[in-house]
Each structure stands twice: as C-alpha cells, then as structure tokens.
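Subject: Structure handover

Hello,

Here is the structure for you to look through. Please keep it open while you read the notes below.

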Amino acid sequence: LTGNPVLQVSDLCVSYGLVEALTNARLTVGEGQIVTVIGPNGAGKTTMLSAIMGLLPSRGRIEFDGLALTSPEVEEMVAHGMNLVPEKRELFGEMSVEDNLVLGAFQRYRMGFRDQAQTMEEVYALFPRLKERRSQLAGTLSGGERQMLAVGRALMAKPKLLMLDEPSLGLAPLIVREIFRIITQLRSRGVSILLVEQNARAALQVADYAYVLETGEIAMEGPASELADDPRVIEAYLGLG
Ligand code: ATP
C-alpha cells in the first residue's frame, strides 16, 4: 500500500434476515489509491458498500480516517468525508442538474462550509456537459449524463473517499472510458476510491489493488495488475478477449 490506509474494514458481516450476504469481509484502501472489488452478480458487492457507508446494519470493524466504528451512521460518514455513488444513481429527477449538485453539498453547508460555488465550478470543469445542461431536469438526462451527475453530486461533498457502485453499468463503451478517465483524474487529485464493478477488465486496468468477492466472502486479493494476469481471474472474470 502507498500512503496510510484511509479505510480499513475487517470481519464485516451483513445478514438479510436469516441469510448472511457478507461473511467476514475485509479490505483496505490506501490514501490516493483506487481499490476495486470485482465479483459476479449477487456476490455482495453492493451490500459491502452500503454497510461501509452506514446504510445497512452490519457487524465487524470499520476504520475510516482515524474514526473507528462498529455499525456506522450515514450522516457521520458523510460528515467525515465518505461518499457513495449508488448503482441506481438516485438523482432527484424533478430537479435541475444544478439543484442536484447543490443538494450534494448539503451536509458541508450545514457544517458551516461556504465553498459550494467554487466546488461547483470544479465539478463543471470536470464535466463540461453538466454545465451546459445545468438547468435541465435530471430526469431527462441520458444514462451517461446521469452517471456524471451522480459522480458530480458526490464530489460536491468534497469526499476523501469516493465509493462507486458499478459506474459503468448500462453505459456505452465511450462513456465508460470517459468515466474511468475521470476516476483516475480524481485519484491524481488525492481522492481515494473504492470501486465496485462487474466490468472486471476495466476495473483492473484502472485500479491499484483488487479484491474478488464471491458469495459474500473475499476469495482473492492482490495488486490489480497481478490479479489481471491470474489464470483463475482470467477464466472467471476476463474471458478470452
Ligand atoms: P449485483 O452485481 O447483481 O448488484 P452484488 O454483488 O452487488 O450484485 P448484492 O446486491 O450485495 O450483490 O446482493 C448480495 C446478496 O444479498 C444477493 O443474494 C441478494 O439477493 C441479497 N440481497 C440484497 N439485498 C437484499 C435485501 N434487501 N433483502 C434480502 N436479500 C438481499
């Protein structure tokens, strides 16, 4: 790992009723790193991000930027610099692009920060398309634009750790490339990134370190470039291409 860990998760367990969806999961994200969790449908990837963010009750240990928690609370996590771009994007469709961005800064505003205009300009610089469409209703955006807005809204909170749940889902290859380019750009600005992806090829290309999650358990881990060359990963997740 380069730098100090910003996030350290160990023995994380989540159950839905009697079904355990996550069993003793662990992971570490170093400062300024992109870490990816790959795995098949239903492996528990979304569950893992939701539990870390405090959106689901969990057991285990989560250490985030010096804060040690058992079952975290979402407001506390946001206030402390963690943000999640959910798989379903969860935008406010009846509100404009700009108002969605404003809402992303709500917690920081409440904490007394008044740097929202500047942050919005930074988001618009990263996504010029959003600036062009700042007055458009979010519900009328294309899939790619919606994903950009979801990322932009998360950035309005100025996160230290940005978690992305399947950012490439349902997007055309060109847009996927654009999103991944932005992710590496964010890393170079010092944002740590935890990326959940079914598109293992793209994720392993961009990540520093990777975990394979299978039926709720971490099955493999290693530097992303090493996992990309591992025969088991190639067979299960990368195909022959
Ligand atoms: P995908 O890539 O398909 O989104 P995933 O790896 O993100 O999959 P999860 O969505 O975390 O997987 O689901 C893990 C398991 O937990 C699945 O078997 C799923 O059916 C189950 N599960 C998820 N949410 C709930 C819920 N609210 N109630 C009951 N079971 C759930």
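How many cavities of 30 Å³ or more does the count come to? The count comes to one. A cavity is a set of points, on a 1 Å grid over the protein atoms alone, where a 1.4 Å probe fits but cannot get out.

Some ground rules first. This is a predicted model, where local features need pLDDT of at least 70 and side-chain atom pairs count only at pLDDT 80 or more, while totals for chains, interfaces and linings use all residues. Residues are numbered from 1 along each chain as its sequence is written, and side-chain values use heavy atoms, with hydrogens and water left out.

**The cavity**

The largest cavity has a volume of about 40 Å³. A volume here is the space filled by probe spheres set on the grid points, which are joined across faces, edges and corners. Lining residues have an atom within 4 Å of a point. They are Phe-127, Val-151, Leu-162, Leu-164, Ile-179, Ile-182, Ile-183 and Leu-186. Strand 7 (161-165) and helix 8 (173-188) are the elements that give two or more residues to this lining. Helix 8 has the largest share, with four residues. Helices (H or I, at least four residues) and strands (E, at least two) are DSSP runs, numbered from the N terminus.

By class, this lining has eight nonpolar, no polar and no charged residues. Nonpolar means Ala, Val, Leu, Ile, Met, Phe, Trp, Tyr, Cys and Pro; charged means Asp, Glu, Lys and Arg; the others, Gly among them, count as polar.

**The pockets**

A pocket is an open set of points with protein on both sides within 12 Å along at least five of seven lines. The largest pocket has a volume of about 710 Å³. It is lined by 25 residues, and Val-74, Val-78, Asn-83, Leu-84 and Arg-153 are the closest to its centre. Helix 1 gives the most to this lining, with four residues. The classes are 13 nonpolar, five polar and seven charged.

The second largest pocket holds about 230 Å³ of space. Its lining includes Thr-119, Glu-122 and Leu-186. Helix 5 (residues 116-126) has the largest share of that lining, at four residues.

**The ligand**

Which residues come nearest to the ligand? Of the 13 around it, they are Asn-41, Gly-42, Lys-45, Thr-46 and Thr-47. A residue is near if one of its heavy atoms lies within 4 Å. Helix 1 (residues 45-53) gives the most to this shell, with three residues. The shell has four nonpolar, six polar and three charged residues.

Now the polar contacts (pairs of N or O atoms within 3.5 Å). A polar side-chain atom of Asn-41 lies 2.6 Å from a ligand oxygen. A polar backbone atom of Ala-43 is 3.1 Å from an oxygen atom of the ligand. For Gln-198, an N or O atom in the side chain is 3.1 Å from a ligand oxygen.

**The strands**

Strand 1 (residues 5-16) and strand 2 (residues 19-30) run antiparallel, joined by eight bridges. Two strands pair if DSSP finds at least two bridges between them. Pro-5 has Gly-30 in strand 2 as its bridge partner. The two strands form a hairpin with two residues between them. Gly-17, in the turn, has a positive phi of about 60°.

Strand 1 also pairs with strand 4 (residues 59-64), in the antiparallel sense, over five bridges. There, Gln-8 stands opposite Glu-63.

Best wishes

Note on methods:
Polar contact = N/O pair within 3.5 Å; in protein donor to acceptor, adjacent residues only side chain to side chain.
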